[in-house]
Amino acid sequence: MDWKRALAVTGAIGLPFIALLAFGMTRDPRQIPSPLPGRSAPLWERAVFASGDDAVLRRPVGDTVRLTDLRGRVVVLNFWASWCLACRGEHADLSFVATERASQGVQVFGMLYNDTEPNGVRWIRTMGGQPYPSVADPGARTAIDYGLYGVPETFVIDPEGKVAHKFIGPVTAQGLMKVVDSVLAAVATP
């Protein structure tokens with residue numbers, strides 16, 4: 001075999017791969033661009049399978065939640081799963097923000113992604129409860145509409161039904177509160 005030819009073929013195949021790998025190493029996976037912020041949130045209508053513990057946020061199991069019925073309110077939609085380790089890390093932060101901003105009309109929903117409702121209920125129980133309700137997403141149709149990359153991902157939807165912000169990865173109470181408060185402030189100052 002001609003070693004010069006083998007070297008040229010290896011270089012022709014390997015160099016683009018190395019260049020692509022080097023380009024990828026310069027990117028932050030949390031900064032994946034999404035076309036949704038600033039646009040109308042995809043509409044959804046889902047059944048509650050976990051009611052939530054907070055008296056203000058609670059919804060009965062089996063109740064149907066429609067995004068269109070939530071117009072005029074800030075909605076935080078968190079995609080999660082019981083098999084998601086990062087979801088455990090953000091649970092306390094989401095619960096804190098849900099409780100802290102419930103009196104201002106902020107409604108937090110968990111949307112179960114690629115998981116079963118019994119697993120979701122068990123997970124919530126092992127996490128010590130959850131103040132906000134969770135809804136099921138059979139077939140991950142809503143996740144597809146929102147262009148989900150994985151879980152956890154969280155969307156903040158403004159009172160007009162537009163996506164104000166998308167979090168990729170676990171949220172922190174501070175980061176989520178900052179976005180929610182900015183949306184509330186924008187509503188207060190027309």
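Visitor: How many salt bridges does a search of the whole structure find?

Guide: The search finds 6 salt bridges, a salt bridge being a side-chain nitrogen of Lys or Arg within 4 Å of a carboxyl oxygen of Asp or Glu. Please keep in mind that this is a predicted model, in which local features need pLDDT of at least 70 and side-chain atom pairs count only at pLDDT 80 or more, while totals for chains, interfaces and linings use all residues. Residues are numbered from 1 along each chain as its sequence is written, and side-chain values use heavy atoms, with hydrogens and water left out.

Visitor: OK, which residue forms a salt bridge with Asp137?

Guide: Asp137 pairs with Arg46, and their closest N and O atoms are 3.1 Å apart. The two partners sit in distant parts of the chain, 91 residues apart, with Asp137 in the loop between strand 5 (134-135) and helix 4 (141-145) and Arg46 in strand 1 (residues 45-50); helices (H or I, at least four residues) and strands (E, at least two) are DSSP runs, numbered from the N terminus.

Visitor: And are those two buried or exposed?

Guide: Both Asp137 and Arg46 are buried, where buried means under 20% relative accessible area, exposed means over 50%, and partly exposed lies in between (1.4 Å probe, protein chains only).

Visitor: What about Arg101, which residue does it bridge to?

Guide: Arg101 forms a salt bridge with Asp181, with 2.7 Å between the closest N and O atoms. This pair also links distant parts of the chain, since Arg101 belongs to helix 2 (residues 85-101) and Asp181 to helix 5 (residues 173-188), 80 residues apart. Arg101 counts as buried because its relative accessible area is 15%, whereas Asp181, at 28%, is partly exposed.

Visitor: How do helix 2 and helix 5 cross?

Guide: Their axes come within 9 Å and cross at roughly 30°, the axes being lines fitted to C-alpha atoms, for helices over the stretch in contact, with angles from 0 to 180 degrees between N-to-C directions. Helix 2 is therefore roughly parallel to helix 5, as angles under 35 degrees count as roughly parallel, over 145 as roughly antiparallel, 65 to 115 as roughly perpendicular and the rest as oblique.

Visitor: Which residues meet there?

Guide: On the helix 2 side they are Asp93, Leu94, Phe96, Val97, Glu100 and Arg101, and these meet Ala173, Leu176, Met177, Val180, Asp181 and Leu184 in helix 5, contact meaning heavy atoms within 4.5 Å. By class, this contact has 8 nonpolar, no polar and 4 charged residues; Ala, Val, Leu, Ile, Met, Phe, Trp, Tyr, Cys and Pro count as nonpolar, Asp, Glu, Lys and Arg as charged, and the others, Gly among them, as polar.

Visitor: Switching topic, where is Gln107, and why is it called buried?

Guide: Gln107 lies in strand 4 (residues 107-112), and it is called buried because its relative accessible area is 2%. Not counting residues up to four places away in sequence, Gln107 touches Leu57, Arg59, Arg73, Val74, Val75, Val76 and Pro133.

Visitor: Last one, where is Ala41?

Guide: Ala41 is in the loop between helix 1 (3-25) and strand 1, and is buried at a relative accessible area of 6%. Ala41 and Ile157 are 116 residues apart in sequence, yet their C-alpha atoms are 6.9 Å apart in space.
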